[in-house]
Structures are given as C-alpha cells and as structure tokens.
Amino acid sequence: MVEDMDEESGEAGPLDLTPSASRPQQRPRRPMSIVVLLVVVAAVVFVLLRTLGDASLFFYEVDEAVAARSELGAERFRVVGTPQPGLVETRLDGQAAVVFTLCVADVLADVAHLGDPAELFQPGVPVVLQGSWVAGDPPGLHGLPFAAGDGWYLRTDHMVVKHDNDYRGDEAELESCGAGS
Amino acid sequence: MADRNTSTSSSGSRLLGVTTLVGLVGLLLFAFVLTEPDVRLHPTTGEEFGQFDAVRLLYLHVPMAVLTYVAFLTCAVASATYLVKRGPWWDVTAHASAEVGTVFCGLVLVTGSIWGRPVWNTWWEWGDVRLMTTLVLFLLFTGYLALRRTAADPQRQARRAAIVALVAVLDIPLINRSVEWWENRTLHQQSTLAELKIEDLTLFTLMLGFVVFGMVFAWLMLHRFRVGWLEQALARYEVETAIAERHAEIETLDLDAAVGETGGGT
C-alpha cells in the first residue's frame, strides 16, 4: 500500500489518490446540444410527414384530372398543365379572377383562377394549380380561343410556375400542346 | 507571425485563398454583369418571357448544390474509413466536410428560395420532393454537428457521428433523382447539363462557378481540417501534460515518503 506522510505527526498515512484539479475533467454533456439534436429530429419527422402524408401534393396532369373527375368530386387537388393562348380577366363570387385553358396531351380543361396569375405566367410555360372541379362554365369562357367548353372548370386559388430547364435563349423550346401552340 | 505548428494557414493556403477571392470577383462579374438575362420572345403572343435577371442565381446555386454533394460524400467516405481504421485523420476530415457541406447546403436552400419567388411564384413549396429532401439533408447534418458536441467520450462521439453521416448521406441519391423519379411531385426542373440545354457564355459562367466554388470548398476544408487537427493535438497535449503532472506528483510523494522513512530510521 502506498503511504503518505502526515505533516504534523511525521508518521506515514494512506496516500490520497483523489485526482488533482489539474487533471482534465471528462467533458460534461452540453444540454443545449441535446436540445438542438431533439429539435432537429422533430423537424425531420415533421418534414417527412408533411412530404409523404399529404396526397394532395401530387400533381395530376390535365388528362388524368379530366379522367378522374368523378372520383375527385369536390376534393382539392393539384393539377399541372400548359396554358393555351388567351386569358380573360373577370370576377368570380365578388373576387378578381382570370380564366384560361390548360392542356396536356391535347386534353383541355378550363380554369377560373382567383387572384392574379403568377408573374411569369405565359402560354407554353407549364403551371401547377391547386383547386377543385366545379360544374358549369366559368365567366368569360366565350372569350377564350381554345376553350374546352365541356361543362366543367377548375376553380383554383394557388398558382406556381413549373419552369423548364432550357437556357438556350431564343432557341429554347416551349411546351407544345393542343391547337393553340 | 503565427507559429508554424499552431497556424491554420500556409503559403499554399494563402495562395489558394487569394486565387479564390480573385475567382469569386470574376464569377460575380460574369454572373451579374457580363451575361445576359434570360429573356425570350413568345412565338405566339410576342411578349417577353423567361427567368429575366433571376437566372443569374443559377451560377451560384447550381455549383453550391454540387459542392454540397461533394462535401457530404467526402464526409461519408471519411466516416466509413474511420469506422474501419479508427484514425483521427479520417474523423477530423469527416467533421470538417460535414461542417462545410452544411454551410453550402444552407446557402443552396436560401438561393433556391430567392430564385423561386420570381420564377415559380413562391418562396417555398411544402411537399415539393426536391425541396423537402434537401431540407431533410440540411437538418440531418445539423443534427450530426449537434451530436458531435454531446457525447463525453470523443471516440464514442466520433463513432456515433460516423454512423449518422452514413445514414444521412443516403438522402443524396433521393435528392438527385427526385426530379426524374417524382416528376409530378416537384416544381424543380430536370438537369440542364445532362440534356445540354445551355450554351455560350451561360455555359462558360456556370463552369466558372463550379471551378470557383470548388476552390472555396478546398480552402474552407483545408482550414477547418487544420482547426480540427489542432483541437485534437491540444486535447492530446492536455491529457499528456496532466499525466506527466500526476506522475511528477506521485514521484514527489514517493520521494517524500522515502525521505521520511530514512529520517524515521535514524
């Protein structure tokens, strides 16, 4: 047994092996880092649920939306299509609206969009709209040169542009669809 | 002048830093002054359309996105090697590349959002597969960096972080392929370079962006690696110093005890 000297008595005593202050201490866990970690895990779960759990985030193409019209009913969904030339500014239920026609694979659907169209809205540049089917004709339909006119229209309130990946200036090709392009 | 052994810079890294700065100035000049905005004339309506000046963000956003992949793949390779060889060099490399990659990934999300507002008509689309998988990648590596600051034992911490990195990096193929696999769940366009729908000065400036951001990545990695290496050296030095002090203490005590025994015997 290692023994130490007692300073007062001069007798040998047990050696104190308690680590001295100069010895590096184990790094303590940092509560803030654990909080950050938990927040990150919660955020990942939230994002995954938001992405995978919402079927309405799928974009129906116009032809699919027309084919599934009866099963979609009044349900809100997203639809992607290429606007045809022709845009009518009108009012719908007291709100400003624009009426135009969407096209995919030569299948047409008329749209009444509440609010202003996107800044880069143009015929030939696909858009994604969110809304639902409504029976009847939208106001101003007769002003559209390539209207579907099938007794149904999409009433939408959210519009985003699905821009192409072509950066060749004037040589860039537009989506062609229907008689209007 | 900084001590050669405690500085993160060297003549090589200073040269790289200066070249990178010059490259960045050149890239900004090409991106924001010398290239034309994306303006086309519509064949039917005759109106101007395109991305206009928003296209200039392409020269920053795309190279940063690619360098994000490079950084996180570097982290994954270094992490896997660390788990096999347990060398500190690989651990420090993994940590450094994760940190640099997280910065790039954050900038990709920000520049993409700024570009999206005028071009897509939205800052952010919840549920868009490309956007969400990129956000998940950013969050996973933010978690990785938080994890690196929690565990008490550095080796256990490094092992856990390496496993997290190997899981997180699986998100990269999902991000990259999302525009093809889930075309109708994302606004994001498909690859321009794969179809070579880009030419002339636009193509040159994009390539310049890859080179310049590659240099930014190399410079950041170099310095972050050296900081990490110095941190490990400091930790080892502290441990060795503490051990030496403790030995010295014990030797002193042994000597005192020996002197005491000798003194007691006379």
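Biologist: Which residues does A:Thr156 touch, not counting residues up to four places away in sequence?
Modeller: This is a predicted model. A:Thr156 is found in strand E9 of chain A. Leave out residues up to four places away in sequence, and its contacts are A:Val111, A:Ala112, A:His113, A:Leu114, A:Leu129, A:Gln130 and A:Gly131.

Biologist: Does A:Thr156 count as buried or exposed?
Modeller: The cut-off for buried is under 20% relative accessible area. A:Thr156 has 1% relative accessibility, so this residue counts as buried.

Biologist: What is the area buried between chain A and chain B?
Modeller: The contact involves 61 residues of chain A and 69 residues of chain B. Carbon and sulfur atoms give 57% of the buried area. The total is about 5300 Å².

Biologist: Which three residues supply more of the area that chain A buries against chain B than any other three?
Modeller: Their share of chain A's buried area is 15%. They are A:His163, A:Asn165 and A:Tyr167.

Biologist: Which element gives the largest share of the side of chain A that touches chain B?
Modeller: Between the two chains, 17 residue pairs are in polar contact. Elements of chain A that each supply at least two residues to this side include strand E1 (3–5), helix H1 (31–52) and strand E9 (152–161). The largest share is twelve residues, and it comes from H1(A).

Key. Residues are numbered from 1 along each chain as its sequence is written. Chains are lettered from A and ligands numbered from 1 in the order in which they are written. This is a predicted model: local features need pLDDT of at least 70, side-chain atom pairs count only at pLDDT 80 or more; totals for chains, interfaces and linings use all residues. Side-chain values use heavy atoms; hydrogens and water are left out. Contact means heavy atoms within 4.5 Å. Buried area is the accessible area (1.4 Å probe) that two parts lose on being put together, summed over both. A polar contact is a pair of N or O atoms within 3.5 Å; within protein, one must be able to donate a hydrogen and the other to accept it, and residues adjacent in sequence count only if both atoms are side-chain atoms. Helices (H or I, at least four residues) and strands (E, at least two) are DSSP runs, numbered from the N terminus. Buried means under 20% relative accessible area, exposed over 50%, partly exposed in between (1.4 Å probe, protein chains only).
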